[in-house]
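I opened my notebook today to look around inside a protein, one stop at a time. Come along and check each stop against the picture.

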Amino acid sequence: MTTVAPDTGVGPLLRSWREQRRLSQLELALHADSSARHISFIETGRSRPSEEMVLRLAEHLDVPVRERNALLVVAGYAPRYAETALDDPAMGALREGMEQLLRGYDPYPALVVDGTYTVVAANRGIAMIMEGVAEHLLTPPLNAMRLTLHPEGLAPRIRNLREWRADLLAQMERQIALVRSAELRELYEEVAAYPVPESADGQNEPAGPPSALSFALPMVIEHDGRVLSFVSSIATFNTPMDVTVAELAIETFLPADLETAAYLRSLPS
C-alpha cells in the first residue's frame with residue numbers, strides 16, 4: 001500500500017508528516033529530545049538521521065507502521081517491522097483470539113477488516129445482515145465498503161443511507177490522508193462513484209428517536225420486514241509490531257435501541 005517513490009529523500013518525507021501533523025520544527029524537536037536546528041538539517045538533507053532518530057521522529061509524528069518501514073528504507077536502513085500474512089502459522093493465536101472475540105459478540109454483528117476494508121473474519125450477526133446482498137459481492141475477498149455502499153449491497157436497505165454514506169466516505173478520506181495508500185484511494189473513488197439508490201432520494205426523516213441519536217450516528221437498516229438500528233464501534237491493536245496487525249480493525253455493531261436488542265436476542269443461537 002505504500003506509495004513512496006524510491007528516490008524521495010527521508011527529509012522531505014519527514015517534513016511532509018510534520019506539516020500534516022501541524023507541528024513546527026521546534027515543537028517536534030521538543031517532543032523528540034532534539035533541536036530545531038537538527039530537525040531543519042534532516043528535512044533539508046544536510047544531515048542524515050540515525051535509525052534511532054527516524055524511528056523516534058516517526059513515533060512522535062504518529063506515522064503508521066507501514067510508513068515507518070518506508071521511512072527507514074528511504075533513509076538507508078532495513079525495515080524494522082515485519083509484515084506477516086494472517087494465515088501464517090505464527091498468527092495462529094491471533095486468529096483464534098479474533099474468532100473467539102467475534103463469537104462473543106453474537107448475536108450482535110461484528111467483523112475484522114484490514115487496511116483496505118477487506119473482510120478477514122466475521123460472525124453470524126454479519127451473515128444475518130448480509131442476507132439479500134448480490135452473490136458477486138459475497139465472492140471472496142469481501143470488501144466492507146463495497147458490501148455497504150454498492151447498489152446491490154446493503155445500500156437500498158439502509159434507511160439513512162445519505163448520512164451513513166457521507167460518514168463512511170469521510171472515514172475513508174481520513175484514512176487516505178493518514179496512510180497515503182494508492183489502493184485505498186482507488187477503492188474510495190470506486191465506492192464514491194456508486195449511484196445512490198432511488199430509495200434514498202429525499203431522505204430527510206430522522207434515523208430514529210432523539211434518544212437513539214444523542215451519542216452516535218446509527219445505521220438504520222431494513223431486515224426481514226423489520227427496521228433495525230445499530231451504532232458502530234471500532235477497535236485496533238495497541239502498540240502493534242507487525243504491519244498486518246497494525247492495519248487490522250475490529251468493528252462491532254451494537255443495538256441503538258431496545259427493539260433492535262430484543263430482536264437480536266430472540267434469534268436462535
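Entry 1: The model I am looking at is predicted. I found one cavity of 30 Å³ or more in the structure. Which residues line the largest cavity? I noted Leu149, Ala155, Leu161, Arg165, Tyr194, Pro195, Val196 and Pro197. Seven residues of this lining are nonpolar, none is polar and one is charged. I reminded myself how such spaces are found: a probe the size of a water molecule is rolled over the atoms, and this shows where empty space is left.

**Entry 2: the whole chain.** Next I stepped back for an overview. I counted 13 helices and five strands in the protein chain. Its C-alpha trace spans about 65 × 45 × 35 Å along the principal axes. Of the 269 residues in the chain, 45% are buried. I also looked up contacts between residues at least 6 apart in sequence, and 59% of them join residues at least 24 apart.

Entry 3: I then turned to the nonpolar residues. In soluble globular proteins, nonpolar side chains tend to be buried together. The largest nonpolar core here has 38 residues, and Tyr117, Met172, Val191, Ile221 and Phe230 touch the most other members. Helix α9, residues 161–179, gives the largest share of this core, with seven residues. Another core lies apart from it and has 24 residues, among them Val10, Ala29, Leu55 and Val243.

Leaving out residues up to four places away in sequence, Val191 touches Met145, Arg146, Leu149, Arg165, Leu169 and Met172.

**Entry 4: Arg146.** I followed that list to Arg146, which sits in helix α8, residues 144–149. Is Arg146 buried, exposed or partly exposed? Arg146 has a relative accessible area of 29%, so I wrote it down as partly exposed. Again leaving out residues up to four places away in sequence, Arg146 touches Leu137, Leu187, Glu190, Val191 and Tyr194. I also checked Asn123, 23 residues from Arg146 along the chain, and the C-alpha atoms of the two are separated by 18 Å.

**Entry 5: Asn160.** My next stop was the loop between α8 and α9, where Asn160 lies. Asn160 counts as buried because its relative accessible area is 3%, and the cut-off for buried is under 20%.

**Entry 6: the pockets.** I finished with the open spaces. How many residues line the largest pocket? I noted 48, of which Gln175, Thr236, Glu247, Leu248 and Ala249 lie nearest its centre. This pocket has a volume of about 1,100 Å³. Elements giving two or more residues to its lining include α5 (65–74), α7 (124–129), β4 (226–236) and β5 (249–255). The largest share of the lining, seven residues, comes from α9. I sorted the lining into 34 nonpolar, six polar and eight charged residues.

The second largest pocket contains about 210 Å³ of space. Its lining has 13 residues, and those nearest its centre are Arg66, Glu83, Asp114, Gly115 and Glu247. Here I wrote down five nonpolar, three polar and five charged residues.

Conventions
Residues are numbered from 1 along each chain as its sequence is written. This is a predicted model: local features need pLDDT of at least 70, side-chain atom pairs count only at pLDDT 80 or more; totals for chains, interfaces and linings use all residues. Side-chain values use heavy atoms; hydrogens and water are left out. On a 1 Å grid over the protein atoms alone, a cavity is a set of points where a 1.4 Å probe fits but cannot get out, and a pocket is an open set with protein on both sides within 12 Å along at least five of seven lines; lining residues have an atom within 4 Å of a point. Grid points are joined across faces, edges and corners, and a volume is the space filled by probe spheres set on the points. Ala, Val, Leu, Ile, Met, Phe, Trp, Tyr, Cys and Pro count as nonpolar, Asp, Glu, Lys and Arg as charged, and the others, Gly among them, as polar. A nonpolar core is a set of buried Ala, Val, Leu, Ile, Met, Phe, Trp, Tyr and Cys residues joined through side-chain atoms within 4.5 Å. Buried means under 20% relative accessible area, exposed over 50%, partly exposed in between (1.4 Å probe, protein chains only). Helices (H or I, at least four residues) and strands (E, at least two) are DSSP runs, numbered from the N terminus. Contact means heavy atoms within 4.5 Å.
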